[in-house]
Amino acid sequence: MEGFEKYYQKDHQTRLDILKQKKYLDQTQLDKLQASASEVKISDAMIENFITEYHLPEGLALNYVVDGQEYLIPFVTEEPSVVAAASHGAALVKRAGGFKTTVTERLMIGQIILENVAHPEQVASFLESQAEKLLALANAAHPSIVKRGGGAQALKVRVLAPDLISLDLIVDVKEAMGANMLNTMLEACATYLQTKLGLDVLISILSNYATRCLAKATCALPVELLTRNGLSGAKIAQKIATASRVAQLDPYRATTHNKGIMNGIDAVVLASGNDWRAIEAGAHAYAARDGQYRGLSTWIVKDDILYGELELPLPLGTVGGSIGIVPLVKINQQLLRLKDARQLEAIVAAVGLGQNLAALYALVTDGIQKGHMRLQLKSLALSVGATKAELEPVVSRLEALQARDQATAKKVLEELRNKQSERSRT
Ligand code: MEV
C-alpha cells in the first residue's frame, strides 16, 4: 500500500506520522497511541510494524486453594464477570477443602512429516532403528536443555497414509514453553533425514496437541454448600451434574461449556506470558479426543457429594518466549508466588474447574444474566461516556428502568448531567 513500503524498517514515531500523513488518524488519536505505548523498545522488538500497546484489564481472582495452598491469581481479560465468577467458584470449593491437582511429566511433541513414502512400513521400521542417532542429533542442536536435565527422550513413528509418515520427537523441555527448542531440534533431524537418508520432509514443527503434558484438577463439594434461594444444595448439585452430561452429549453445549472454562484459563495464561492460542488449540483437540467434541470437565453426584474433574493439555512455561521480556509477567509470577511450571499448570487447571463450577451454578439457578447485569450495565454506562463518579447513579437508574440499550443509557446520562448542572446553578 502506498506510503507503507518498508513500514517494518521505520522507527515507531515515523510509523505513527505516516498514519497521520495518510489521514487514517488525527493528532489526538496519535497522542492516544503514544500514551498507550509505555514499553516501546520491548514491544517494537517483540512484534513487527509495532504502533502501540493494546491494554487489557488485569484483576485478581481470589479464594483459590490448590493442593493446600491459597493463591492470588492474576487474570487478564476484557470480559465482565469472569474474575467475579472465578472467585465465587473457588470460594465454594475452598469451603470444601480446595482443589486437588495432578500434573503429568512435561513432555512436548514435535513432528517431522515425511511425504512421498513408497513403503511406509519399511520406512517406519528403518526410522525406529535410527532412533538413537536422531535423539543424539536433536540434543546436539540444543545442548543447554540437556545440561538442565531435559532434552529429546523418545521417538515415535506413525503411518498417517500410504505416502505419509509422522516422526514424533518427544522432548522434556523443563521450565520452558519449548516451541523454539522443539523446532530447532526438529529442523536438525529433518536436515539429516533429507540430506543423509534421502527422505522427503514436508514440514517439521511442534505439535500443540500436548498429550504428554496434562494437568488435572478435581474437587469434592458436599451438596449442602450449594444451597441457594430456597433451592436445596442436592437439587442444584443434580442440575450441575445433568448440565455436565449435556456437555458430554451435545457439541453445541460442549463448545459453550468449554468456552466458559477457557474464560479463566486464557486469562491466567495471558497474565503468565504464555501462548494462549496454543493452549486453546490443544484444549479443543483434547475435547474431541474420542472423535466427538465434548465438555472438558465432568461433574457427578455421589453420596451427597458433587465431584468435579477437569483434565486438559497445559504446556505452560515459566521461562522463554515473551515471559522473560514483558515486565508485568515477572510481577504476575511474583503475585502467584510461582516456583515452577508444574505449579502453574496445577493452578490453571484449578482455575478452569472453578470457573466452570461458577458458570454451571449460575446457569442452573438464577441464569447468567442476573449476576452479570450490574457489570454489563457498568460497561454500557462507560460506553456512552459516563465518568467514574457518574457510573453508580447511571447504573442504578438503568437497573430501575430494566433497560439495556445505548440510547437509554445516553439519555440517562444526559438527564443526570442536566440535573447536576441545574443543581450547581441554584
Ligand atoms: C460466558 O462467557 C461463559 C458461559 O457461557 C459458560 C457456560 O455457559 O458454561 C456462561
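Is Arg294 buried, partly exposed or exposed? Select it in the viewer, keeping in mind that this is a predicted model. Arg294 has a relative accessible area of 23%, so it counts as partly exposed. The cut-off explains the label, because buried means under 20% and exposed means over 50%.

**Stop 1: the partner of Arg294**

Arg294 and Asp290 form a salt bridge, and their closest N and O atoms are 2.8 Å apart. Asp290 has a relative accessible area of 51%, so this residue is classed as exposed. Side chains of opposite charge can pair when their charged atoms come close.

**Stop 2**

**Stop 3: Lys259 and Glu79**

Now select Lys259 and Glu79. Lys259 sits in helix α10 (residues 251–271), while Glu79 sits in the loop between β2 and α4. The two are 180 residues apart, and the pair again links distant parts of the chain. Lys259 counts as partly exposed at 40% relative accessibility, and Glu79 counts as partly exposed at 24%.

**Stop 4**

Which residues make the nonpolar surface patch of about 470 Å²? Select Leu60, Leu62, Leu72, Leu328, Ile331 and Leu335 to display it. Two elements give two or more residues each, namely β1 (58–66) and α12 (327–335). Of the contributing elements, α12 gives the most, with three residues.

Leu72 is worth a separate click. This leucine lies in strand β2, which covers residues 69–76. Its relative accessible area is 37%, so Leu72 is partly exposed.

**Stop 4: the nonpolar cores**

Hide the surface and look inside. The largest nonpolar core has 58 residues, and Tyr64, Ile73, Leu221 and Ile265 touch the most other members. Which helix gives the most to this core? It is α13 (residues 341–364), with twelve residues.

Centre the view on Ile265. Leaving aside residues up to four places away in sequence, Ile265 touches Ile279, Leu310, Leu312, Leu314, Val348, Val351 and Gly352.

A second core is separate and has 32 residues, among them Leu114, Val157, Leu169 and Cys213.

**Stop 6**

Select Cys189 and Cys219. Are they buried or exposed? Cys189 has a relative accessible area of 2%, so this cysteine is buried. Cys219 counts as buried too, because its relative accessibility is 5%. How many disulfides does a search of the whole structure find? The count is zero.

Technical notes: Residues are numbered from 1 along each chain as its sequence is written. This is a predicted model: local features need pLDDT of at least 70, side-chain atom pairs count only at pLDDT 80 or more; totals for chains, interfaces and linings use all residues. Side-chain values use heavy atoms; hydrogens and water are left out. Patches are made of residues with over 30% relative accessible area and no salt bridge: like charges are joined within 9 Å, nonpolar side chains (Val, Leu, Ile, Met, Phe, Trp, Tyr) within 5 Å. Accessible areas come from the Shrake-Rupley method with a 1.4 Å probe; for residues, only the protein chains shown count as cover. A salt bridge is a side-chain nitrogen of Lys or Arg within 4 Å of a carboxyl oxygen of Asp or Glu. Helices (H or I, at least four residues) and strands (E, at least two) are DSSP runs, numbered from the N terminus. Buried means under 20% relative accessible area, exposed over 50%, partly exposed in between (1.4 Å probe, protein chains only). A nonpolar core is a set of buried Ala, Val, Leu, Ile, Met, Phe, Trp, Tyr and Cys residues joined through side-chain atoms within 4.5 Å. Contact means heavy atoms within 4.5 Å. A disulfide is a pair of cysteine sulfur atoms within 2.5 Å.
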